[in-house]
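Reader: I would like to go through this model one element at a time. Please show it before we start.

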Amino acid sequence: MNTRSASPSKIPSSTPLQFTPSGADTSGPWHEGEIHMQQLAGVETKMAEMGKRVLRDHLIDQHRQFYPQLPFAVFGTVDDAGDVWATLRANHPGFLSSPDPHHLSVNIPHDATDPADAGIGDGTAIGMIGIELHTRRRNRMNGTIAHSSDDHFTIEVGHSYGNCPQYIHLRDFEFIRDPLAPAASHAETSTELDERARAIIAAADTFFVATYVDRAGKKREVDVSHRGGKAGFVHIDADGTLTIPDFAGNLFFNTLGNILTNPKAGLIFTDFNTGNVLQITGDADVIVEGPEIAAFQGAERLWRVFPRKVVFRESALPMRWRDQADGASPNSLLTGDWESAARNLAAIEAAKSWRSFKISRITEENHLIKSFHLKPADQNGTLPNKAGQHLPVRVEIPGTDTPLIRTYTLSNGPSDDTYRISLKREGVVSSHLHDTLRVGDVIEARAPAGEFHLDADAKRPVVLMAGGIGITPMISMLRHIVYEGLRTRGFRPTWLFYSARNLADRAFDSEIIELVKVAQGNIRLVRVLADTDGAEPRKDYEASGHIDMNLLRSLLPFDDFDFYLCGPPPFMQAMYDGLRGLNITNNRIHAEAFGPASLQRSLDANDQLPELAPASSKATQVEFAKSGQTAIWQPDADKTLLELAEDAGLAPEASCRGGNCGTCRTKIAQGRVTYKTQPSAPVKPDEALICCAVPAASETDDDAPLILEL
């Protein structure tokens, strides 16, 4: 057996999803638990139509031809106590056959050592999945046992449908003994997971799960599903609780919907090298919110099983499997593991602290831009970031009294395991990074932040427009779009317009080309050069001049787009104004601001921004509580509270000085502040973005000081 160390002993506990039947329409193929999960995923309408098309009450010819070629199948049954069990039963191909479209005959004898065998009898409900591990083909069905005997049973089909091939690890099989001969082993039963059971689970990249529901006025429905991931994707708590990430799938939610309605599950883990099997039945729940979901790459939700009965059967299977070369599922490789998730959770706990990051790699993107790849020096993970956000960094530079803080846009995708910042040499800090820092050097960083980021839940086509260094957040967005497209098997249609002064000034060429290639035609690239000397049309660029509305009108099809802009302020303002001139709503146009520069927006009638309070018209005493300093703010001096604090000898953390990054966020102990223009970084009523804040006029006309926690 290939073993791994057990999962971390404990992960933070999250509140399970509470479900109360609401009387939803269940006249279709879905019951209320499945419908509720589909509602949470925003696919209820889509799945209502799809269910009518793909869930059949009979076997189609393709499935009738598929089942007889299988050497094994996985079944789910319910015993007399109401516990659900999953089991894997094998025989030579041909043991499954379909005498007619409504029945499947299964030629296997009873096995008294198998706890699932107690649920196989006339009139009992059963679920099944037929799966070829060597080809990734699989089909599911459920129904009722119409007839059973000592050596076979017949299933009357309830539902039958095809299944997606995601997360299946390719394996070849062979029989090592007569599959009809009784196994020499016996069943070892327990109420908890021992070290042997934990080792099997910790090594597993595959298992199967059975669940069931009793629908009012309908027959019991049992479902069996395959689950796969990287080895170690099932977390084992010290108390034996199993936590499983739920990845992108067919959106039927048979398993999780069943658990919501009837919180029970049966699992079977197979050691493919030895034929040992581990069967578990217990209680289950579903988790849809919590830090663990964000920490586990690829997880969209979690579900847990609390074992009550555990059965180990040594060499129970007459088959052995061998991993195919390069047989790991591409979809599984896009997901995480609990060791990485634990590191990410530790990083989340330290989200507000400065952490040390080592420069693991430096790449020259062109003669102007370098990328710095950053790995946590504390061995914890990186914090989850959204595509387009920035990273606050703090750097000690010789000759400066205090570390200098800047915010640089992340150019890595949220699924990457390192941060990457890509910057031009312009200013003290960026010049220091370009000219002085080397691989192995350390800088400090804090949690990624910023309101300019790709809306991960939106499905409408997206247009990314970048000018110069404004390509950095767009690279992050492209990487995320490609990752999500591969992970979910559904690419978001994307256009990238990227302008540069000349070919030498353009960055990320090879990376962009590779992303476009992987996107399978779902990303349309339009590269624009102002100076085309030395560049070949179509090979090096698609348009000359500048990105403008004429170019967009000539290339973009008529559609409902989301627009993302990043580049020099004049470029963004011109594109914003042009898009608004085409009646694109304000909330569909997203823009990244550089420094104190701010996009001047024209609001739609339904746009509501908080009304800014008037600034104080008289001198205001400002007290900095932590330092004990006091200063007088004068209305005619036109100074921000940050500048006032710096004049008083303080060194508050700050970066953009335009209300965009949030680095200067400071608690207000007393009084109110206001802003000359609305900041883009989020701020609570008891906080101030002091880089652009000033004292607000008093509501009571008194002379009470403004007190800040500095």
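Reader: Which residues of α5 are buried?

Author: The model is predicted. Helix α5 covers residues 254-261 and is mostly covered, with seven of its eight residues buried. The buried residues are Asn254, Thr255, Leu256, Gly257, Asn258, Ile259 and Leu260.

Reader: Which strands do the buried residues of α4 pack against?

Author: Helix α4 runs over residues 195-203, and its buried residues are Ala197, Arg198, Ile200, Ile201, Ala202 and Ala203. At the start of α4, the backbone nitrogen of Arg196 has a side-chain oxygen of Asp194 within 3.2 Å. The strands packed against the buried residues of α4 are β12 (235-236), β13 (242-246), β14 (264-270), β15 (277-287) and β16 (301-313).

Reader: Is Ser422 buried or exposed?

Author: Ser422 lies in strand β22, residues 419-424. The cut-off for a buried residue is a relative accessible area under 20%. The relative accessible area of Ser422 is 4%, so Ser422 is buried.

Reader: What does the side chain of Ser422 make polar contacts with?

Author: Beyond four places in sequence, Ser422 is in contact with residues including Ile369, Lys370, Thr409, Ile469, Thr472 and Phe508. Ser371 and Ser411 are also among its contacts. The side chain of Ser422 makes a polar contact of 2.6 Å with the side chain of Ser371, and one of 2.8 Å with the side chain of Ser411.

Reader: Are α10 and α11 roughly parallel or roughly antiparallel?

Author: Helix α10 spans residues 471-488 and helix α11 spans residues 509-518. Their axes lie 10 Å apart and the packing angle is about 25 degrees. Angles under 35 degrees count as roughly parallel. Therefore α10 is to α11 roughly parallel.

Reader: How many of the residues in the contact of α10 with α11 are nonpolar, polar and charged?

Author: From α10, the contact involves Ile471, Ile475, Leu478, Arg479, Val482 and Leu486. These meet Glu511, Ile512, Leu515 and Val518 of α11. By class, the residues of this contact are two charged, no polar and eight nonpolar.

Reader: What is the handedness of the crossing of α10 and α11?

Author: The two helices pack with their axes 10 Å apart. Their crossing is left-handed.

Reader: What share of the residues in the protein is buried?

Author: The protein has 14 helices and 36 strands, and its C-alpha trace spans about 95 × 60 × 50 Å along the principal axes. Of the contacts with a separation of 6 or more, 70% are between residues 24 or more positions apart. Among the 710 residues in the protein, the buried share is 54%.

Notes:
Residues numbered from 1 in each chain as written. Predicted model: local features only at pLDDT ≥ 70, side-chain atom pairs only at ≥ 80, totals over all residues. Heavy atoms only, no water. Axes fitted to C-alpha atoms, helices over the stretch in contact; angles between N-to-C directions. Helix = DSSP H or I, 4+ residues; strand = E, 2+ residues; numbered from the N terminus. Parallel < 35°, antiparallel > 145°, perpendicular 65-115°, else oblique. Left-handed = near helix turned anticlockwise from the far one by under 90°. Contact = heavy atoms within 4.5 Å. Nonpolar A, V, L, I, M, F, W, Y, C, P; charged D, E, K, R; others polar. Buried < 20%, exposed > 50% of the residue type's maximum accessible area, 1.4 Å probe, protein only. Polar contact = N/O pair within 3.5 Å; in protein donor to acceptor, adjacent residues only side chain to side chain.
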